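Please load the model into your viewer and keep the sequence panel open beside it.

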Amino acid sequence: MKVASIILIVGFLSIIINQGIWIYNMKKTYYEDYSLFFNNLLNIYVQQERVGSLPFDLFEMDKYLQKRLDALNLMFIYKLELYENGRMVNTIGCDVKKEDDYVYISPCIKISDALSLQCSTVIPSSFIIGKMKRINDISCWAMVISIGCLIYLLLNILKREKMLKSNMLAIYGTIHDLKSPLNLTYLLISRFAGKECDEAKKQSFLNCKAQLYTLSNAIETLLSVLKMRDLPISYKKEYVDLVGLINSVVGNLSRLYSDKHFVLSIENELTTEWVNVDPFYLGNCITNLLDNSLKYSDENVAIEIFLENSSDEYTITIKDTGWGIPAKLTKKLFIQSCRGDHHNQPRGHGLGLLYTARVIKDMGGSLAFQSVEGKGCTFFITLPC
């Protein structure tokens, strides 16, 4: 709303400034045109006098100018000055003051070797404004209509924004309500799987558990993305066995992708396997990256996970031999709804990497990647110790 209001104010100012500049330029153009017209009248009369043999008569010139101006209904105040050898010898007309609306002083017009003529005239602003009245009216109405359209668009945007927020809250509440029965179902299936002796039934329970885990992760990703827009996420850090966390994620994904052939290896070079993180959110981030490696790849994809640490940070590197990321998507990879266009690409919503990047950043770390289209990609999660 704040941005929309600023844009509206800038739009108002732009329209008003442009209108003012246009009126100023039009007024200036009228002044210049009438100044040129008046100068041409002077030159025409002087040329006619040169052709004749009579001495120059300033009063006759005054009559000539009055006749021409009256014929065009132009009420200009002017003063004619006749100079002989640089000294004013005669004058006629009204005094023209510099503080008048617009004063035009013509250049000296040479009549003969000794005589020259200069004229100063006032072109009233009221006269120019009168000439511009119709154009000004049309322009002002156009400005009012433009401002009205801007106000209408702003009100429409605000109305839609309010409706969108209301819909988002409804969606957020509905999705949040799904978590409780989903978590209960997950716990019950885990208990049934633990007590089941029949291996086939146990595997069915475990597969169902993996599906529920994926659904829970998708719901949490969606809720977090919705929450990120307005509120910070609250993280509960604790010391976690990182290798155990990754093995748990791999186990769930292995059941989920039981019909796909892939090779996954973990290379652990950590000096300590206990790291201080939020296990739930970090587990979701690793799940998203591994799920992308399996989802956006062909059969027999190879996935390698490298774990290493220094004195102040540790790094989780996930490398695969999948389809890779197209070069045109690398700059907007962490933007919502960013998805590739591979011919075998499964359905998705472009939320996983947005969620992962935001969570890693909020936990004080960073997410980077390298990719070659057709050869695979590598993601680097770096987090403080």
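Predicted model: local features only at pLDDT ≥ 70, side-chain atom pairs only at ≥ 80, totals over all residues.

Residues are numbered from 1 along each chain as its sequence is written, and side-chain values use heavy atoms, with hydrogens and water left out.

**The whole chain**

Show the protein chain as a cartoon, where there are eight helices and 12 strands; helices (H or I, at least four residues) and strands (E, at least two) are DSSP runs, numbered from the N terminus. Of the 385 residues in the chain, 36% are buried, where buried means under 20% relative accessible area, exposed means over 50%, and partly exposed lies in between, with a 1.4 Å probe and protein chains only. If you switch to a surface, the chain exposes about 23200 Å², of which carbon and sulfur atoms supply 58%; accessible areas come from the Shrake-Rupley method with a 1.4 Å probe, and for residues only the protein chains shown count as cover. Among contacts (heavy atoms within 4.5 Å) between residues at least 6 apart in sequence, 68% join residues at least 24 apart.

Select Leu42, which is found in helix 1 and is buried, with a relative accessible area of 0%. Which residues does Leu42 touch, not counting those up to four places away in sequence? They are Met61, Leu65, Leu80, Ser106, Ile109 and Cys119. For Met61, which is 19 residues from Leu42 along the chain, the two C-alpha atoms are separated by 8.4 Å.

**Salt bridges**

A search of the whole structure finds four salt bridges, a salt bridge being a side-chain nitrogen of Lys or Arg within 4 Å of a carboxyl oxygen of Asp or Glu. Select Lys79 and Glu81 to see one of them, with the closest N and O atoms 3.7 Å apart; both Lys79 and Glu81 are buried.

Because they are four residues apart in helix 7 (residues 279-295), Asp291 and Lys295 are separated by about one helical turn. Asp291 is buried, at 14% relative accessible area, whereas Lys295 is partly exposed, at 24%.

Then select Arg358 and Asp362, a salt bridge with its closest N and O atoms 3.1 Å apart. This pair lies in helix 8 (residues 352-362), four residues apart, or about one turn of the helix. Arg358 is partly exposed at 27% relative accessibility, and Asp362 is partly exposed at 32%.

**Surface patches**

Patches are made of residues with over 30% relative accessible area and no salt bridge, like charges being joined within 9 Å and nonpolar side chains (Val, Leu, Ile, Met, Phe, Trp, Tyr) within 5 Å. Select Ile9, Leu13, Ile17 and Ile21, which make a nonpolar surface patch of about 380 Å². Ile21 lies in helix 1 (residues 2-51) and is partly exposed, at 45% relative accessibility.

Finish with Glu267, Glu269, Glu304 and Glu308, which gather in a patch of negative charge on the surface. Strand 7 (262-269) and strand 9 (301-309) are the elements that give two or more residues to this negative patch. Lys and Arg count as positive and Asp and Glu as negative, while His and the chain ends are not counted; the place of a charge is taken as NZ of Lys, CZ of Arg, CG of Asp or CD of Glu. Glu269, found in strand 7, is partly exposed, with a relative accessible area of 46%.
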